[in-house]
Amino acid sequence: MRIDIISVLPELMESSFNASILKRAMDKGLAEVHFHQLRAYGLGKYRQIDDEPYGGGAGMVMMIEPLDHCISELKSQRNYDEIIYLTPDGETLNQKIANTLSIKDNLIFICGHYKGIDQRVRDLHVTREISIGDYVLTGGELAACVLADAVIRLLPGVLNDEQSALTDSFQDDLLSPPIYTRPEEYKGLRVPSILLSGHSAKIEDWRHEEALRITREKRPDLLD
Ligand code: 6GU
């Protein structure tokens, strides 16, 4: 998978891809992330990328030309499956969206700033708009990191134990059951004995019951 991220602040995202699992995914060639500094496509001596909104009002708008030039250049190099604009008014990210995107080959993420991007960029290029929740960030960069992380970890070969993405919370609309590791007892707190029984069918039943119980308690909406 290849992800091209268009942003005025690529520095904000680099560390997210330079450590741990995502770094390994890139080192193994399973994912490529390319940053594109929008400023490089800015207009004039000052590399302008934003301007005042027509009709007045507070805040600046990201102009169409720099974004169109950058996106068109990328599109001339390969076919993109989705061109995603990260924006608080997009559809809220969930595991199903991450699953859907994880089987694509080429994605563009556009990180907005200020009041957002000229509507014509959305009309012309954007195929999908995604938010990471009902709150406002200063820009789309952190949202782009969240989305890229959620998608890249699902690529085959990225996680050591391929099972583990399948048993994530949300993959079956249930939260995960409680987990334990050594020691068996700590300050009087014991690991549930079923987990020490070696009886794998009973353990699976217990985990499923616990997942249901926890989902009912914390996120009843997932069971609807
Ligand atoms: Cl994608 N962008 C911004 N700026 N704020 C957000 C968001 C995105 N998702 C939630 N809040």
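Modeller: I begin with the ligand and its shell, then go through selected residues and the backbone.

The model is predicted, so local features are given only at pLDDT of at least 70 and side-chain atom pairs only at pLDDT 80 or more, while totals for chains, interfaces and linings use all residues. Numbering starts from 1 along each chain as its sequence is written, and side-chain values use heavy atoms, with hydrogens and water left out.

The shell around the ligand holds 13 residues, a residue being counted if one of its heavy atoms lies within 4 Å of the molecule. The closest are Thr87, Ile132, Gly133, Tyr135 and Leu137. By class, eight of the shell residues are nonpolar, five are polar and none is charged. In this scheme Ala, Val, Leu, Ile, Met, Phe, Trp, Tyr, Cys and Pro are nonpolar, Asp, Glu, Lys and Arg are charged, and the others, Gly among them, are polar.

A ligand nitrogen lies 3.4 Å from an N or O atom in the side chain of Ser131. Two elements give two or more residues to the shell: strand E5 (82-92) and strand E7 (128-131). E5 gives the largest share, three residues. Helices (H or I, at least four residues) and strands (E, at least two) are DSSP runs numbered from the N terminus.

Asp4, in strand E1 (residues 2-7), counts as buried because its relative accessibility is 0%; buried means under 20% relative accessible area, exposed over 50%, and partly exposed in between, with a 1.4 Å probe and protein chains only. Leaving aside neighbours within four places in sequence, Asp4 is in contact with residues including His34, His36, Arg78 and Tyr80, contact meaning heavy atoms within 4.5 Å.

Ile49 sits in the loop between strand E2 (32-37) and strand E3 (50-51). With a relative accessible area of 0%, Ile49 is buried. Beyond four places in sequence, Ile49 touches several residues, among them Val8, Leu38, Val61, Met63 and Tyr114. The C-alpha atoms of Ile49 and Met63 are 5.6 Å apart in space, for 14 residues in sequence.

Cys145 belongs to helix H6 (residues 141-152) and is buried, at 8% relative accessible area. Not counting residues up to four places away, Cys145 touches Met13, Ser16 and Phe17. Ile5 is 140 residues from Cys145 in sequence, and their C-alpha atoms are 9.6 Å apart.

Thr215, in helix H8 (residues 200-218), is buried because its relative accessible area is 0%. A polar atom of the Thr215 side chain lies 2.9 Å from the backbone nitrogen of Leu175, and one lies 2.6 Å from the backbone oxygen of Ala211. Contacts of Thr215 beyond four places in sequence include Asp173, Leu174, Pro220 and Leu222.

The domain assignment of the chain gives domain 1 (2-152) and domain 2 (172-223), with bounds from an automatic or database assignment. Their C-alpha centres lie 38 Å apart.

Last, the backbone. Most residues other than glycine have a negative phi, and most peptide bonds are trans. Ser20, in helix H2 (residues 20-27), has a positive phi of about 55° and is exposed at 61% relative accessibility. Lys187 has a positive phi of about 45° and is exposed at 73%; Lys187 lies in the loop between E8 and strand E9 (189-190). The peptide bond from Arg182 to Pro183 is cis, with omega near 5°, and Pro183 is in the loop between helix H7 (163-166) and strand E8 (185-186).

Methods. Polar contact = N/O pair within 3.5 Å; in protein donor to acceptor, adjacent residues only side chain to side chain.
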